[in-house]
Amino acid sequence: MKSHSFLILFLLLSFTVKAQSELETYPVFEECKNSEQQNNCFKSQLINHLAESYNHPDSLDESESVARVLFEVDTIGKFNVIYINAIDQKIKSEIQKSFDSLPKIKPATYNGEARFIRFTIPLSIPIYNTEEININETKILEEKKKNPLQEEYDQLKNQQFNDDQFNSYLNIPLSHEVYNRFDKELNRIGTNTHTSSKPYSYKDIEPYYNFEKEVNDLRFDKKTWLGKKFFNEDLVTIKGEDYWLTFNIAADLQLGKDTESDESYTYNNTRAAYIQGQLGKKFNFFTAIYESQARFADYYNAYAESIKPVGGNPATIPSRGIAKRFNENAYDYPIAEGYISYKPSKYFKLQLGHGQNFIGDGHRSLFISDNASIHPYFKIETNIWKLKYTNTWRSLRDTRDEVTDNGSYRTKYMATHHLSYNITKRLNIGLFESVIWQNDNDRGFDFNYINPVIFYHMIEFSTGSKGGNALIGLSYKYKWTDNINSYGQLIIDEFATSDIFGGQNSWRNKLGFQLGVKYFDAFKVKDLNLQLEYNEVRPYTYSHYTGVLNYGHNGQSLAHQWGANFREFIAIARYRKDRWFGHAKFIAGTRGLEKNDDLDPFYGGNIYGNERDRIKDNNIKIGYGNKVKQLFGELEVGYLINPKTNLKLYTRIIHRSFKPEETTATVFEDNTTWFNFGFRTDLFNWYYNY
């Protein structure tokens with residue numbers, strides 16, 4: 001709030017030096033360098049600057065109060081706040097910001113040398129400009145003369161941390177609940193946003209959604225250190241003049257019951273720690289380490305074990321990583337992830353990491369999703385005009401026994417390009433391309449694929465018929481109103497017009513598509529968001545005749561978690577109010593699974609099958625093979641304990657019905673109800689509808 005009325009402001013400056021006459025000069029603002037009464041000028045300019053920059057929190061009324069601030073002006077003329085005593089944390093934060101905005105000034109001097117001076121100021125809140133200042137001063141005490149190098153350590157003071165991550169290029173954690181909070185704001189008609197390439201950074205979202213205000217509005221009035229850290233703040237913060245970092249501990253503690261299991265209970269016990277920060281204005285970093293032990297519902301355990309790696313480990317936990325055996329019937333799966341981001345200019349952002357990405361506006365993605373395990377990647381984002389261009393290069397692994405080489409997992413590489421274009425203020429069109437190649441002939445990473453120009457088919461053919469497996473895609477989003485938008489994707493694995501339009505249902509007709517609609521603030525209920533989505537992928541899509549150049553990593557699909565040969569319908573409702581949140585999800589689908597574990601003959605559902613082992617060439621329809629009817633329902637209600645760290649308390653119930661036409665050793669009828677409650681730091685998505 002800028003000054004616009006009269007209020008007498010008492011300014012009490014208390015500082016100690018030997019005798020006032022021995023202080024040669026007060027600290028000097030630029031405006032005071034020619035003043036004959038520099039002490040009075042200093043005090044008036046200080047108040048003017050503070051009043052000019054102070055913004056009273058909107059959530060607080062303007063009833064008068066007094067805040068007391070202890071600060072110093074150091075030997076280089078920089079203002080350093082030592083302590084603020086105010087009635088509300090938001091007022092403290094705004095006062096700190098006002099002091100942070102003060103310019104460097106000429107320091108006070110004694111015997112011709114710069115001196116620290118400490119002041120105590122009672123400030124009337126809100127702060128107003130005033131020309132009438134009542135001043136009380138105490139004596140000045142001389143500080144020992146020091147070598148400037150001996151003062152280096154003392155000058156490294158930990159400044160007050162002001163939710164700086166919300167104004168940074170750190171990634172917003174990939175969480176459906178978190179992204180739902182600002183999805184409406186990004187999709188208003190007339191915004192020039194590009195919503196398909198995820199994760200977003202806080203800086204990307206800042207113009208549309210105020211994370212800092214959201215957190216401040218949800219703060220509890222806690223006085224104790226433990227109360228503040230548990231409900232409102234980061235655990236540890238360090239901030240200097242041009243850097244900051246935070247350290248937090250995290251947890252994912254689940255306890256539940258699978259009604260179909262002989263085990264007494266299910267559980268997940270994850271302890272984690274993560275650090276994030278910023279160096280300068282352009283460099284950000286994040287790293288997290290997880291240590292986990294778990295036993296899930298029987299159907300989930302069976303799927304995890306079905307994609308286990310060669311070498312003796314019993315399972316791969318979906319979207320997480322390879323697991324070791326823990327006790328007799330559980331898993332131990334440690335994970336480390338992180339990234340560094342660099343913003344060299346207005347138009348480019350570079351990121352090198354070990355994690356997950358997502359391309360699409362839907363709950364699922366037929367391009368790239370966060371379904372598969374974390375993996376190394378390098379990403380370049382380019383924003384200019386109405387375009388956003390995302391180039392990502394990945395290192396992937398095939399962990400199956402039949403493709404390993406001397407006990408080592410098979411390495412393959414992937415390059416993806418996604419071009420997003422806002423054609424009008426309502427319509428967005430996206431072009432997608434990916435190519436996967438393997439480390440054959442010891443060529444390693446093939447620099448033919450470094451070229452960021454979309455499309456790659458000519459490179460694929462020039463490097464040999466087995467040089468790579470390319471897919472192309474098309475996406476759209478249309479904003480019907482500020483509250484309703486529709487979206488879709490089309491993925492093409494092999495484009496042969498004679499087969500696609502020949503009416504033969506050829507196996508080469510390897511296509512998939514998605515159609516969806518979102519309804520924000522549904523039926524005029526604030527923060528009630530509804531979503532309907534349909535996904536369909538034909539058999540043999542994402543697979544390849546080499547058996548290696550498929551669209552997978554660590555036994556999992558890089559796109560839809562069901563692989564191929566399916567159709568599904570999804571309905572989701574999400575609601576939040578203050579710290580409470582919840583969602584209801586319903587999925588109904590038809591899948592075509594394989595009848596034999598060795599994928600011979602191959603029916604086109606498992607993306608790791610070899611196309612040359614296909615059952616036939618024509619009359620291939622969705623559901624071909626072992627046809628399964630699958631239903632999945634999920635209801636979750638939770639409470640946001642700490643909005644700063646996304647620490648949540650929740651309870652969840654899942655019901656899964658799985659009915660195949662044929663029963664095999666690994667495919668059988670299942671009807672599971674799984675109850676869960678837990679305590680979780682929400683940093684990634686769990687998917688349970690396998």
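Mentor: A pocket, on a 1 Å grid over the protein atoms alone, is an open set of points with protein on both sides within 12 Å along at least five of seven lines, and its lining residues have an atom within 4 Å of a point. This is a predicted model, where local features need pLDDT of at least 70, side-chain atom pairs need 80 or more, and totals for chains, interfaces and linings use all residues. Residues count from 1 along each chain as its sequence is written, and side-chain values use heavy atoms, without hydrogens and water.

Trainee: Okay, which residues lie nearest the centre of the second largest pocket?

Mentor: Its lining takes in 50 residues. Nearest the centre you'll find Y303, S306, I307, N606 and T666.

Trainee: And which element gives the most to that lining?

Mentor: Helices (H or I, at least four residues) and strands (E, at least two) are DSSP runs, numbered from the N terminus. Those giving two or more residues here include β30 (580-593) and β33 (670-681). The top giver, with five residues, is α8.

Trainee: How many residues of strand β26 are buried?

Mentor: Buried means under 20% relative accessible area (1.4 Å probe, protein chains only). β26 spans residues 528-537 and is mostly covered. Of its 10 residues, the buried ones number seven.

Trainee: Over how many bridges do β26 and strand β29 pair?

Mentor: Strands pair if DSSP finds at least two bridges between them. β25 (residues 510-519) pairs with β26 in the antiparallel sense over eight bridges, with G516 partnered by E533. β29 (residues 566-577) is antiparallel to β26 too, and its A571 stands opposite L532. For β26 and β29, the bridges number 10.

How values were computed. Buried means under 20% relative accessible area, exposed over 50%, partly exposed in between (1.4 Å probe, protein chains only). On a 1 Å grid over the protein atoms alone, a cavity is a set of points where a 1.4 Å probe fits but cannot get out, and a pocket is an open set with protein on both sides within 12 Å along at least five of seven lines; lining residues have an atom within 4 Å of a point.
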